[in-house]
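I opened a new model today and kept these notes as I went. Come along and look things up with me.

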Amino acid sequence: MTNPMTILAATSAVQADAAATKETENKLIAVFKSDAPRKEKVDACRQLGVIGTKNAVPALAALLGDEKLSHMARYGLEPIPDASVDEALRVALGKLKGRPLVGVVGSLGVRRDPAAAALLAKMLENTEADVAPTAARSLGKIGTPEAAKVLSGALVKAPARLRVAVAEGCLDCAEQRLAEGKREEAVALWQAVAKAGLPKHFRMAAARGMLLAREKPHKR
Amino acid sequence: MSKLESPSGARSGGNPPSHATEAGGPASVTRRQFLRRASVAGGLVAIPSLIPGSALGLAEQAAPSERIVLGGIGIGNRGSGVLGWMMGEKDVQFVAVCDPQKSRREKVKKMVDSRYGNQDCAIYKNTPEFLATRPDIDAMLITTGDRWHALMSIMAMRAGKDVYSEKPSCMTIAEGQMVVKTADRFGRIYQTGNQRLSEEKFIFANELLRTGRLGEVHTVRAHIAPWDAAVMKHDWLPGQPLPSKDEADWDAWLGPCPWRPYNPSYCRGGWRGYYDFHTSCIGEWGAHTFAQCHVAIGATDTSPVEYGYVNNPTGDGMVTRFANGIKMVLSRGNKWWHGSCGVRYEGTEGWVAVADGYSRPEVSDPKLLEGFEKTVRDYTDRTDRATSHVRNLFDCIKSRRPTVANPEVMHRSMSTVHAANICMWLKRDLKYDPVKEEFVGDPEANRLRSRAQREPWIM
């Protein structure tokens, strides 16, 4: 298989030639349906991460449950700027277990998919390793009012092993609420973190946040 | 060794140094302002944990109130050198090491126990367990391979530790952003391993520029490594039988990077030149030299806005341009220096060049070297920074002031590395908006600002 960087450069060189790029994309997608070795499929995922469009989403999404290709499927999917990626990831949540599930939970946070908040809230109760903490951090990245409500509620109820991740999610969410001008919502999250009995550096982070909220002009 | 004593508290006066970059963007509270208020609000300022000297057999060392407890992650050859440097500081006690490779963690234990004359250095295989179960550790020395520097630093800071991370300290623009955000959020002290920012001859060169003795600076030149290329490899080395997890945890070694078959060569330094693990010949030295140039011209919170593609394998000769018009030119080989990791600053009234192995910088006029010692002394007096990179870290851990190679300096100079790499990979000129931190009108380039991380190691 050609070095992905060569594909990248060649694709860039013919950037204006949409037909050529589409042909390359189709060839890469076809690799997944073939009996090509794992390395070739890995390289195809990598290249689709740079040139892939919504046309590549179904083929990549079909790999999310494959333990050997799940990460690279996300490598290809995460950068594609189309809502079909978020939908595919949300659908996968209901089907996956183990590390592939952790990966999809993480990617929904990276993409900041607001529609995933309710689904990720349920993941906070998942007992498989790393699922719940990753879900907490992803909710923080999503940063919507719904995510804020889930996280602040979870901070009170979460078992000790999860509380730190939920607090991190609260801190992330709070900064986003503040950035959107929702100062009171942000302060509520920081106050929740400050009162949660967490290590000192979390109380510092909460105090910093509340100072930020005091200094930033309140948007109306 | 440092010329300065460890400060007993916050600096009492003087303006912040012009090169120091405080936390966050325009709307953020600076770290100094925050900490001043937080300490008034009720003792929230983190102080180092204390281990009595008697418990450590350290009757000759600094008192517990002055001692910093240090741990380490991923300490190999380079890391051992830094560790030796750190253990030479009387107010530092190294207590534990974590590494997925048994041979390395045992080697570090032997080194540390030999130094202290006991058997007390603890060893760990699992980083999350290490971070969660050692609240006594104040700071972490992180000298894993490049692929882990950012995420490990983030994990350590989330666990309340201050951090020294080797360079290149991030693999993508997104990783650098997260390091800055995490350090700001938790009020952590962080130093990246750009030790030349603390070396006298490099400091002097920067001061020549800063004080206007070169006239108006128009061009700075940054050395890039003479090995490897800008376009890196994706091939897999032949798979070898996996060792026992206790011997080498391959899954943990790979961390957030795409899986590939195990081959011991990767673990012995053979990871260089691979896209998944390395930042190319540009990042290998650019992590140092770009940071030098950024700091010298006062560009500690920005990156160049233009990157000119050059048709060669390495990026040699690439011209980048800052918004203020200053050019930074990448240069490989011996054209401008006779040592490694060189920088050169050119102004309307003179130039200065310095690299490793120089006893003094080279200058366009010998008169520029006059007052070398005074210039360096004035720098240390003005900035309150030691001319020892590790001493600077430990002073800042105690004072809570930003280090010389703080997260913003690291992130912005590494963003320049990443942008230059992306320019070479896409084989075209690029424009970058350092305020929005995105490439202008270039979706493909913007896709390369981050990479999906392998679970469970997602930032």
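**Entry 1: a helix on the inside.** I began with helix α12 (residues 389–399) of chain B, where nine of the 11 residues are buried, so this helix is largely enclosed by the rest of the structure. I call a residue buried if 20 or more other C-beta atoms lie within 10 Å of its own, exposed if 12 or fewer, and partly exposed in between, with C-beta atoms placed from the backbone. Helices (H or I, at least four residues) and strands (E, at least two) are DSSP runs, numbered from the N terminus.

Before going on, I noted that this is a predicted model, in which local features need pLDDT of at least 70 and side-chain atom pairs count only at pLDDT 80 or more, while totals for chains, interfaces and linings use all residues. Residues are numbered from 1 along each chain as its sequence is written, and chains are lettered from A and ligands numbered from 1 in the order in which they are written.

Among the buried residues of α12(B) I found B:His389, B:Leu393, B:Phe394 and B:Ile397. What do the buried residues of α12(B) pack against? I listed β1 (68–73), α2 (77–87), β2 (92–98), β4 (139–142), β5 (162–165) and β6 (190–192) of chain B.

Entry 2: I traced an open sheet of six strands in the order β3-β2-β1-β4-β5-β6 (chain B), with parallel pairing. Two strands pair if DSSP finds at least two bridges between them. At the edges stand β3 (122–124) and β6 of chain B, each with a single partner strand, so one side of each has no neighbour in the sheet. The twist averages 20° from one strand to the next. I found four bridges joining β4(B) to β5(B), and B:Leu141 stands opposite B:Tyr164 in β5(B). Helix α12(B) lies across β1, β2, β4, β5 and β6 of chain B and runs at about 170° to β6(B). For such angles, axes are lines fitted to C-alpha atoms, for helices over the stretch in contact, and the angles run from 0 to 180 degrees between N-to-C directions.

**Entry 3: a second sheet.** Nine strands form another open sheet, ordered β13-β12-β11-β7-β10-β9-β8-β14-β15 (chain B), with mixed pairing. Its edge strands are β13 (362–363) and β15 (438–439) of chain B. Strand β12 (residues 350–354) of chain B runs antiparallel to β13(B), joined by two bridges. Helix α10 (residues 280–296) of chain B lies across β7, β10 (327–332) and β11 (343–347) of chain B, at about 155° to β7(B).

**Entry 4: one glycine.** Is B:Gly215 buried or partly exposed? I counted 13 other C-beta atoms within 10 Å, so B:Gly215 is partly exposed. B:Gly215 sits in the loop between α7 (200–210) and β7 (217–224) of chain B. Leaving aside neighbours within four places in sequence, its contacts (C-beta atoms, placed from the backbone, within 7 Å) are B:Gly347, B:Thr348, B:Glu349 and B:Gly350.

**Entry 5: two domains.** Chain B is divided into domain 1 (31–196) and domain 2 (197–230 + 278–388 + 403–447); the bounds come from an automatic or database domain assignment. Their centres, taken over C-alpha atoms, are 28 Å apart. I noted 20 residues of domain 1 of chain B in contact with 24 residues of domain 2 of chain B. On the domain 1 side, α6(B) gives the largest share, six residues.

Notes
Contact = placed C-beta atoms within 7 Å.
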